[in-house]
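Please take a moment with the sequence and the model before reading on, and keep both in view as the paragraphs lead you from one part to the next.

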Amino acid sequence: MTRHYDVVVLGAGSGNTVVDDRFAHLRVAIVERGPFGGTCVNRGCIPSKMYVHAADLLTGAVRGPALGVRTAAEAADQASWERLRDRITSRIDAVAESGEDYRRGLDFVDVLRGTGRFTGPGALEVEDAEGGVTAITADQVVIATGSRPVVPDLPGLHDVPHVTSDSVMRIEELPRRMVVLGGGYVGCELAHVFAALGVEVVQVESEDLLLSSQDADVAELVTRAARDRWDVRTGVRLERAELLDDGSAALVLDDGSRLETDLVLVAVGRRTNADLLDLDRAGVPVDDEGRVVVDEHQRAADGVWALGDASSPVPLKHVANQDARVVQHNLLHPDDLAVSDHRHVPQAVFTEPQVASVGLTEAAAREQGIDLAVGRKDVADTAYGWALQSGPDDDDPAGPGGFAKVLVDRATGLLVGAHVVGPMAASLIQPLIQAISSDVPVRGLARGQYWIHPAPTELVEGALLAAEEELDS
């Protein structure tokens, strides 16, 4: 027998946040095949940052003696993978379990375990793990199914020991050697983690720089810093993989080089899960990548909404959360629809050194013909930066070797891009996010407020003052 719902949410990541007590007068179903919380809670940003924190402690311990602090010189030997892994997984598993229990305890919500697919407009089937199928219909459907890692169909790759970001955080033991395929934010963060834990890491990236989508100055610094800590191969691609007799793998790159490794971490990108939903049966439009096409209200079709990685080319949790708030409002207020604003989406990469950005890169701004004033301040030239240096000649990128860089349109005096690389970059960039989002003129932004001395935020102040000098030149 077919069940009917007022609202069906496909996915219990950010989609789970759409439903609150204001929906209590409706019948709601949440469809999920995996643990509640989605990628962020279970396989992405939260557990990865817990690992990154441990990696940061280890790299700091290695650097301690140069600062006159007695620490373990071989800090990686002091780490217990089992204790680290179990501390993290037990925490996130409890969060996922409690999230599902909460939903099951609500009278107006049904939790349907399984994979949902459209059978027609407003009609779906949910197939559970045992193959049982539940037919449902809905007045409103929210597609919030997230994304999954891509494993390229390269010769031999599926035959050798390999993991993705979905599985690497729960491996039984640390490998002695690991090859990381990919130089994006996932690859760089996890390379940092496993190198800090003492794994012999080789990172392979087809572009000439790691984090190649970032501002060129940032990408160059990150690539240089990574080369100081692990083996980085840029400008090359994997051609094929071979399973060796001892169970390890040999990877052949297109420059003819050969790498032997115990484990391959594939981090070359993600793809939307929306392509698994039989969207054509419901008349839901998709783009060339399989993502749901939505309007400014996150609406894909009559009675169908989409959010996060299901529809956005920017696979970031804060984007999905903002989309969810828009969808939530529009479900509750159909006569007063809210609009999504994706103009100034910030991002951060928690590698070493940390990276954060918002707006345009310098190259993109110049390609658009913007007459730029560029302000830059190096971490090493701030008072807080001195605290991180072993001496006046210390330019170690893992210490104070970073900078803040702001890009200002001379015609308007407004910020069009900002980039911070170095300690606490993801926090330091926030006032610049506010400025670019609120169209606050750069002139006077630094001098119009106090900046605590000698706090790390003086890095941002210095970049803004440098931009003002450029505007006056």
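This is a predicted model: local features need pLDDT of at least 70, side-chain atom pairs count only at pLDDT 80 or more; totals for chains, interfaces and linings use all residues.

Residues are numbered from 1 along each chain as its sequence is written, and side-chain values use heavy atoms, with hydrogens and water left out.

Let us begin with a sheet. Five strands form an open sheet with parallel pairing, and their order is β8-β15-β9-β10-β11. The names follow DSSP runs, numbered from the N terminus, where a helix is a run of H or I of at least four residues and a strand is a run of E of at least two; two strands pair if DSSP finds at least two bridges between them. At the edges stand β8 (162–164) and β11 (231–234), each of which has a single partner strand, so one side of each is left without a neighbour in the sheet. On average, neighbouring strands of this sheet are turned by 20° against each other, with direction ignored. Inside the order, strand β9 (residues 177–181) is joined to strand β15 (residues 263–266) by four bridges, and the two run parallel; M178, for example, has L263 as its bridge partner in β15.

A helix accompanies this sheet. Helix α4 (residues 185–196) lies across β9, β10 (200–205) and β15, and runs at about 165° to β10. Such angles run from 0 to 180 degrees between N-to-C directions, and the axes are lines fitted to C-alpha atoms, for helices over the stretch in contact.

Sorted by class, the contact of α2 with α4 has six nonpolar, three polar and three charged residues; here Ala, Val, Leu, Ile, Met, Phe, Trp, Tyr, Cys and Pro count as nonpolar, Asp, Glu, Lys and Arg as charged, and the others, Gly among them, as polar.

What is the angle between helix α2 (residues 45–63) and helix α3 (residues 81–104) where they pack? The angle is about 150°, with the axes 10 Å apart, and α2 and α3 are therefore roughly antiparallel to each other. On the α2 side the contact is made by I46, P47, M50, Y51 and A54, and on the α3 side by W81, L84, R85, R87, I88, R91 and I92. By class, this contact of α2 with α3 has nine nonpolar, no polar and three charged residues.

Y51 also takes part in a ring pair. Rings of Phe, Tyr and Trp (its six-membered ring) pair if their centres lie within 6.5 Å, and planes under 30 degrees apart count as stacked, over 60 as edge-to-face and the rest as tilted. By this rule the count comes to two aromatic pairs. The rings of Y51 and W81 have centres 5.3 Å apart and planes at 15°, so this pair is stacked. The pair links distant parts of the chain, with Y51 in helix α2 and W81 in helix α3, 30 residues apart.

Further along there is another open sheet, in which five strands pair antiparallel in the order β19-β20-β23-β22-β21. Its edges are β19 (347–349) and β21 (372–378), each with a single partner strand, so one side of each is left without a neighbour in the sheet. The twist averages 15° from one strand to the next. Three bridges join β19 to strand β20 (residues 355–359), and these strands run antiparallel; V349 has V355 as its bridge partner in β20.

Finally, consider the backbone. Most residues other than glycine have a negative phi, and most peptide bonds are trans. The peptide bond from E352 to P353, however, is cis, with omega near 5°, and P353 has its place in the loop between β19 and β20. L211 has a positive phi of about 50° although it is not a glycine.

Key
Contact means heavy atoms within 4.5 Å. Angles under 35 degrees count as roughly parallel, over 145 as roughly antiparallel, 65 to 115 as roughly perpendicular and the rest as oblique.
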